[in-house]
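Q: I'd like a close look at how the two chains of this model meet. Could you walk me through that interface and what goes with it?

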There are 2 protein chains.
Amino acid sequence: MPTKLLKQADGAGGKAMQEFLESVLVPAFSKRRIDNGLGIDDFDDGASFSIGDFDIVVSTDGHTVQPPFFPGGNIGTLAAAGTINDVAMMGAKPIAMTDAIIVEEGFPVEQLKLILESINEVAEKCDVAIIAGDTKIMPKNSLDKIVVATTGIGVVKRGNLITDHGAKPGDVVIISGPIGDHGTVLLAHREGLEFDTDLKSDVKPLWPMINKILPIGGIHVMKDPTRGGFAAAINEIATKSKVEIELYESEIPIREPVRALSDILGLDPLMITSEGIAVIIVNKDQSEEILKTLKQTPEGKDAKVIGHVKEGVPGRVVMLTSIGGKRLVQMPYGELIPRVC
Amino acid sequence: MPTKLLKQADGAGGKAMQEFLESVLVPAFSKRRIDNGLGIDDFDDGASFSIGDFDIVVSTDGHTVQPPFFPGGNIGTLAAAGTINDVAMMGAKPIAMTDAIIVEEGFPVEQLKLILESINEVAEKCDVAIIAGDTKIMPKNSLDKIVVATTGIGVVKRGNLITDHGAKPGDVVIISGPIGDHGTVLLAHREGLEFDTDLKSDVKPLWPMINKILPIGGIHVMKDPTRGGFAAAINEIATKSKVEIELYESEIPIREPVRALSDILGLDPLMITSEGIAVIIVNKDQSEEILKTLKQTPEGKDAKVIGHVKEGVPGRVVMLTSIGGKRLVQMPYGELIPRVC
């Protein structure tokens, strides 16, 4: 029997990774949750457990983005924002973060300082404390520059946790901003493709925005479409919530350069990673107030209603196209762009 | 001005790393603790914050050990035990763990499974749940096989936290087992040096042992001597506790092969990494019961009293040698063996 070797797609956020997680990773662990909290096999943005009157939310991510500096941010911005966003997506106030930084010997100290400053800048915006860390230096040529693993910790009043499986028929689907900026910028930057534009990665912490809409209530799902892009996020939500989701193609915000590059390279912008937007699925009654509030924040100023939830076929995501047709939005198989986050 | 580049020693647990952390890492972060908890600049085994009547302990570590499989364990054993031990050293019951695994494309899936099983085995021994994780695959040649970053979370009744700065004059210094096994085995294995012995890494979770002695009370400090070895750990304790520590050379347990290899290579066994022992500094009144209890556990069966704490010169560690002399035990500059944990 040939030895099975890990392939890129196994860690890329799509169908291949789901299969890998379900067949290899999760079954290896016997205790995967604490009491009734969310655990590793919920595949949500984070896990949770209860202490007294609070739910503690924990999220972890390894970041391998290449190159470590890109238009709009760097691996530090990405690691800090990514982790804070995962905690915020669960309706929890991020309070603390830890980082494990692994760097190649010979990496310039000044560049590391810039990365640390970016981690700090993101943390400061959300009043998150960086309470613990670890730094390891690997010998030259045993690591391509730097990887950063961050763990975020948040707190939410017991019972107020928001998951990615709470969408209900009748709900409204909101997106907080244009999709695909981060992946597109990385790809263009790496391939040396120049745009006549100032397109930057959308990487940013979403807690200040989320913090504004939580008090309104009626939020059933939040998810940031990172690996596998919007297509992966919306399919996960539909499958886990056991609902059908209908999307309005003409309403989905995609910037012109993202559309142009996708066209040239034959990519589907729905499958390109974003790092600073959220899919927010809300009760119809609160949807107008939530949209209005989002639009008043710098992070959510381009927020739009892009679809609705219905009973339909559980797990199905349908795009109502601009020309009046319908097509299925598929779960991507893998990430089209490696080392994007 | 020449560009300053990161060197191995900057991440190696000794004086160079202390300087690096103090000059580069810590100043980059503005909020480094939550309220009165332990923060990143305490450089303890972990950080802490309070929720209701509990202190939550958080510890994080990146693991880069090379090779990933070694006599006595693998990178999974090491990552899980290392994180659980850091939490346990603070007197907290480890309850949850997260892992961020970054693997080189082409790594055999079977080997990854063995690593995951080892993580699970350690977690099971301590009833720790693996609640969240992340897996990234890096393209071939951009990472030497695999790194694993783990974060551990523990809980302790408020006020019962144990730090590495609580040693008091009159206290007794206990070590729970022989020192230097892990680093020696790795070095020997890597260099192809064969021993006529079954020396293995001492890597193991210490919570079952710690759990037995905590109820006795009187424990002022616990620390596992990993990077920088026993010498780094004991110096940190003396400096942070502002006390002098006197050690009895003849009582410090070192296995014969560790001594032999150190002699051959000119290494000081006091500076070689251990991954399954603890320095425990206790009130004299409880020291006999603690020692007796330790000796009844499989992890602590070779425990010994190896010194005492006095007022003396704060931060000084003195070895009372077998021939009746005295010498200073220095803080190592860096780790002598790269990628040991």
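A: Happy to. In this predicted model, 76 residues of chain A are in contact with 76 of chain B, where contact means heavy atoms within 4.5 Å. Between them the two chains bury about 6,700 Å², 70% of it on carbon and sulfur atoms; buried area is the accessible area (1.4 Å probe) that two parts lose on being put together, summed over both. Four salt bridges are found across the interface of chain A and chain B, a salt bridge being a side-chain nitrogen of Lys or Arg within 4 Å of a carboxyl oxygen of Asp or Glu. B:Asp134 forms a salt bridge with A:Arg227, with the closest N and O atoms 2.3 Å apart.

Over all chains, the structure holds 46 salt bridges. One of them joins the side chains of A:Glu110 and A:Lys113, at 3.6 Å from N to O. Both A:Glu110 and A:Lys113 sit in helix 3 (residues 109-125) of chain A, three residues apart, or about one turn of the helix. Helices here are DSSP runs (H or I, at least four residues), numbered from the N terminus.

A word on conventions: residues are numbered from 1 along each chain as its sequence is written, and chains are lettered from A and ligands numbered from 1 in the order in which they are written. As this is a predicted model, local features need pLDDT of at least 70, side-chain atom pairs count only at pLDDT 80 or more, and totals for chains, interfaces and linings use all residues, while side-chain values use heavy atoms, leaving out hydrogens and water.

Technical notes: Helices (H or I, at least four residues) and strands (E, at least two) are DSSP runs, numbered from the N terminus.
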